[in-house]
Amino acid sequence: MIYKFYQQRIFPHLLNQIMQTPSMMDGRAELLRKVHGEVLEIGFGTGLNLPFYQAVDQLYALEPNRDVYQLAHKRVSEAPFHVQHIQASAEKLPFADNSLDSIVSTWTLCSIAGLNQAIQEVRRVLKPNGTFHLIEHVQYNDNNTLKKLQDILTPVQKVIADGCHLNRNIELELLNANFKFAEKYYFDAEDLPKVGRRMFMARARKV
Ligand SMILES: C[S@@+](CC[C@H](N)C(=O)[O-])C[C@H]1O[C@@H](n2cnc3c(N)ncnc32)[C@H](O)[C@@H]1O
């Protein structure tokens, strides 16, 4: 009962605030300036990416959580292009095979329960020369202490942050799913706690 109240009434507002951390807003600007055309965004959240799209014609905003999407309404109404809310999960994308040029994920792959299935779905609906643009917080691969701490804290993080994993290796997940990288790099977001600071930014294509 209290947890449900937290999830429905408190968490969406916390998410909306935390996701506006300056380094994350800078990451959005960097990632989204190269995204164009017809775009699917998975885990749209509260619509914080909208001001950063520069050449989008149509955006499919896939967000399964209604309580979170409610906080996006004002931003959606102010967008200079058409935004269509898709009430679905990334594990089962309601799009045809090879149909989209651009798919975007900003800090969403950490929260998807069926990550492997979702990545396979992204691969299925992306056109052969399409691009998956992503920025995610990930597991450390050069600091064993922090890596272990991420493993220890992930069960707690999942409860307080709606299924978010601190310890996912997104680069490896994409390689295992037959993606290659047109661009990729890691950086540390200094204004976030150390356990969630390591970021992975990439533009991935189907092999
Ligand atoms: C940390 S938030 C990031 C929100 C947004 N992408 C942003 O950058 O502000 C993770 C988002 O993924 C969504 N999500 C969780 N599970 C999902 C799933 N299976 N499919 C699609 N989105 C999911 C959550 O509802 C939430 O909006």
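## Cysteines

A disulfide is a pair of cysteine sulfur atoms within 2.5 Å. A search of the whole structure finds zero of them. Cysteine 110 is in no disulfide. The nearest cysteine sulfur, that of cysteine 164, is 3.9 Å away, too far for a bond. Cysteine 110 has a relative accessible area of 4%. Cysteine 164 has 7%.

## Basis of the model

This is a predicted model: local features need pLDDT of at least 70, side-chain atom pairs count only at pLDDT 80 or more, and totals for chains, interfaces and linings use all residues. Residues are numbered from 1 along each chain as its sequence is written, and side-chain values use heavy atoms, with hydrogens and water left out.

## Helix α1 and its contact with α6

Helices (H or I, at least four residues) and strands (E, at least two) are DSSP runs, numbered from the N terminus. Helix α1 spans residues 2-18, and helix α6 spans residues 144-160. Their axes come within 10 Å and cross at roughly 70°. Axes here are lines fitted to C-alpha atoms, for helices over the stretch in contact, and angles run from 0 to 180 degrees between N-to-C directions. Angles under 35 degrees count as roughly parallel, over 145 as roughly antiparallel, 65 to 115 as roughly perpendicular and the rest as oblique. α1 and α6 are therefore roughly perpendicular to each other.

Which residues meet? Tyr3, Tyr6 and Phe11 in α1 meet Lys158, Val159 and Ile160 in α6, with contact meaning heavy atoms within 4.5 Å. The residues of this contact divide into five nonpolar, no polar and one charged. For these classes, Ala, Val, Leu, Ile, Met, Phe, Trp, Tyr, Cys and Pro count as nonpolar, Asp, Glu, Lys and Arg as charged, and the others, Gly among them, as polar.

α1 bends by about 45° at isoleucine 10. The bend at a residue is the angle between axes fitted to the seven residues ending there and the seven starting there. Proline 12 follows within four residues.

Phe11, Pro12 and Asn16 are buried in α1. Their cover includes α3 (66-69), α4 (73-78) and α6. Asparagine 16 is 64 residues from proline 80 in sequence and 21 Å from proline 80 in space, C-alpha to C-alpha. Proline 80 sits in the loop between α4 and β3 (82-86). At 75% relative accessibility, proline 80 is exposed.

## Helix α5

In helix α5 (residues 115-125), the buried residues are Leu115, Ala118, Ile119, Glu121, Val122, Arg123 and Val125. They pack against strands β1 (36-42), β4 (100-106), β5 (126-137), β6 (179-188) and β7 (198-206), and against helix α7 (170-176).

## Positive phi

Most residues other than glycine have a negative phi. Tryptophan 107 has a positive one, near 55°. This residue lies in the loop between β4 and α5. Tryptophan 107 is buried, at 7% relative accessible area.

Aspartate 162 also has a positive phi, of about 55°. This residue is in the loop between α6 and α7. Aspartate 162 is partly exposed, with a relative accessible area of 34%.

## Leucine 175

Leucine 175 belongs to helix α7. At 41% relative accessibility, leucine 175 is partly exposed. Leucine 175 and aspartate 188 are 13 residues apart in sequence and 22 Å apart in space, C-alpha to C-alpha.

Key:
Buried means under 20% relative accessible area, exposed over 50%, partly exposed in between (1.4 Å probe, protein chains only).
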